[in-house]
Number of protein chains: 2
Amino acid sequence: MSTVIPAEKKVLSENQRIANALRAGFEHKHQLCLNLISSPGSGKTTLLETTLAHLPQKDRVAVVTGDLQTENDARRLAVYGFPVQQIVTGGVCHLDGRMIERALALWPDAALDLLFIENVGNLVCPSSYDLGEAAKIVLLSVTEGEDKPLKYPSIFAKAALLIITKIDLLPYVPLDMHAIEANARQVNPSIEIIGLSCKTGQGVGTWLDWLARRRAAMLAQTSRAEV
Amino acid sequence: MSTVIPAEKKVLSENQRIANALRAGFEHKHQLCLNLISSPGSGKTTLLETTLAHLPQKDRVAVVTGDLQTENDARRLAVYGFPVQQIVTGGVCHLDGRMIERALALWPDAALDLLFIENVGNLVCPSSYDLGEAAKIVLLSVTEGEDKPLKYPSIFAKAALLIITKIDLLPYVPLDMHAIEANARQVNPSIEIIGLSCKTGQGVGTWLDWLARRRAAMLAQTSRAEV
């Protein structure tokens, strides 16, 4: 997001058109698409590694991961045997609908049930760009401080789920978990919140349950729509 | 930074014009201006708290701090007795020259030696906007991972100093300090690097020395220019 200028409005409305088409496609194909957003280093890739390691190989899961530079994340994620694509944005600070459209075109025959999009590490700009996802998930590590939902409200207002990561570090950082939760709910009263540590495994089951629930809901919803 | 469009180029070149004027003003008045950039929660405000607590009250220091929402940071910093201004950007993901110009206009008679600008928490977009500073300083906490200079190279390429924060957490996180340093120097061979912890005080003296050296260099440089 840049200084507010008419050209940006145009970019955003063009993006919305593409995102709407992507969303219709996902729903038509019963695919659950989740858009993971956080600052760099909050643990998006690590959460995806943990998640892919827990999902059965028969599950039809794929990942699209964005960074300004390097294919490091795609390399880290590819070892789990699911299809992974890296989007290198150059300088661009967010993924947009067109990038997702292009990435999906490289998997023309892919029968997918679950698509994770790991956005560029940035707590601000990615929140403005709809990618057609069923839900945005925001990650915040316990080292980042409890005030962040109030200081960066846009993504917390739009996310269905807040994952508080690295809770194994709680003994070593001055953080009030209740304050994070209260601040997040002040911005978004209906946001769900899960605390977890990929290092100790604490909370990972709750996250996998959330995922299973959303996948079941997506199937139920799209099946109803077809009746 | 948004999708690359001509309007953005225009915004950036207009910003450069303002930044050049700001820089000329800072140099004319012997003011050292430092632009602190990092993700949210890397410890910019905590570093400024520690710094202000160590600086003599007779020093003519001021802080301009940017956030999308809230005046929390200005409140935290104001207790140290130095002038502080909060810029609330609304949704804008970076500070720009015009915002700094407006902030400085509210201190018309201020005789300053040292101005800290705490940018919006974002490792990407603020790197594109010159604020007339003598140096950009990038902060990265040990919990964010050693690959960040390679994945977000723009700010590491432009910064004079990398401050690696929260080194008290090193025993609890899987981080290779040598790899962070090697990755930062791969992007910017001349970047200076300081590791510190505001919690234990380790490395804070090295940072205060760096600051004193830059202040002395600014005075020497501007005095020479006047001869």
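Colleague: In what order do the seven strands of the open sheet in chain B run?
Modeller: This is a predicted model. Its chain B holds an open sheet of seven strands, with parallel pairing. The edge strands are E3 (84-88) and E7 (192-195), each pairing on one side only. The order is E3-E2-E4-E1-E5-E6-E7.

Colleague: What is the average twist from one strand to the next?
Modeller: Strands of a sheet pair through backbone hydrogen bonds, either parallel or antiparallel. In the sheet of chain B the pairing is parallel. From one strand to the next, the twist averages 20°.

Colleague: How many residues of E2(B) are buried?
Modeller: In a regular strand the side chains alternate between the two faces of the sheet. On one side of E2(B), B:Val61, B:Val63, B:Thr65 and B:Asp67 are buried. The buried count for E2(B) is seven of its seven residues.

Colleague: Which residue of E4(B) stands opposite B:Val64?
Modeller: E2(B) and E4(B) pair in the parallel sense. Five bridges make up that pairing. Opposite B:Val64 stands B:Ile117.

Colleague: And in E3(B), which residue is the bridge partner of B:Gly66?
Modeller: E3(B) is an edge strand. Five bridges join E2(B) to E3(B), and the two run parallel. The partner of B:Gly66 is B:Ile87.

Colleague: Which residue in E7(B) does B:Ile163 stand opposite?
Modeller: Strand E6 of chain B covers residues 161-165. Four bridges join E6(B) to E7(B), in parallel. E7(B) is the other edge strand. Opposite B:Ile163 is B:Ile194.

Colleague: At about what angle does helix H2 of chain B run to E4(B)?
Modeller: Helix H2 of chain B spans residues 44-54. It lies across E1, E2, E4, E5 and E6 of chain B. Its angle to E4(B) is about 160°.

Colleague: What about helix H4 of chain B: at about what angle does it run to E3(B)?
Modeller: Helix H4 takes up residues 97-105 of chain B. It lies across E2, E3 and E4 of chain B. Its angle to E3(B) is about 140°.

Colleague: Is B:Glu71 exposed, partly exposed or buried?
Modeller: B:Glu71 sits in the loop between strand E2 (61-67) and helix H3 (72-78) of chain B. Beyond its neighbours within four places in sequence, B:Glu71 is in contact with B:Gln86 and B:Val88. Buried takes 20 or more other C-beta atoms within 10 Å, and exposed takes 12 or fewer. B:Glu71 has 15, so it is partly exposed.

Colleague: What kind of axis relates chain B to chain A?
Modeller: A rotation of 180° superposes chain B on chain A, with an RMSD of 0.0 Å. The shift along the axis is 0.0 Å. That is therefore the relation of a two-fold axis.

Colleague: How many charged residues are on the side of chain B that touches chain A?
Modeller: In this pair, 38 residues of chain B are in contact with 38 residues of chain A. Helices H1 (6-28), H5 (148-151) and H6 (153-158) of chain B each supply at least two residues of that side. By class, there are 16 nonpolar and 14 polar residues, and the charged ones number eight.

Colleague: What is the radius of gyration of chain A?
Modeller: Chain A has eight helices and seven strands. The globule rule gives 17 Å for 227 residues. Chain A comes close to that, so it is as compact as a globular protein of that length. Its radius of gyration is 17 Å.

How values were computed:
Residues are numbered from 1 along each chain as its sequence is written. Chains are lettered from A and ligands numbered from 1 in the order in which they are written. This is a predicted model: local features need pLDDT of at least 70, side-chain atom pairs count only at pLDDT 80 or more; totals for chains, interfaces and linings use all residues. Copies are superposed by least squares on the C-alpha atoms of residues with pLDDT of at least 70 in both. The radius of gyration is taken over C-alpha atoms; the globule rule is 2.2 Å times the number of residues to the power 0.38. Two residues are in contact if their C-beta atoms, placed from the backbone, lie within 7 Å. Ala, Val, Leu, Ile, Met, Phe, Trp, Tyr, Cys and Pro count as nonpolar, Asp, Glu, Lys and Arg as charged, and the others, Gly among them, as polar. Two strands pair if DSSP finds at least two bridges between them. Axes are lines fitted to C-alpha atoms, for helices over the stretch in contact, and angles run from 0 to 180 degrees between N-to-C directions.
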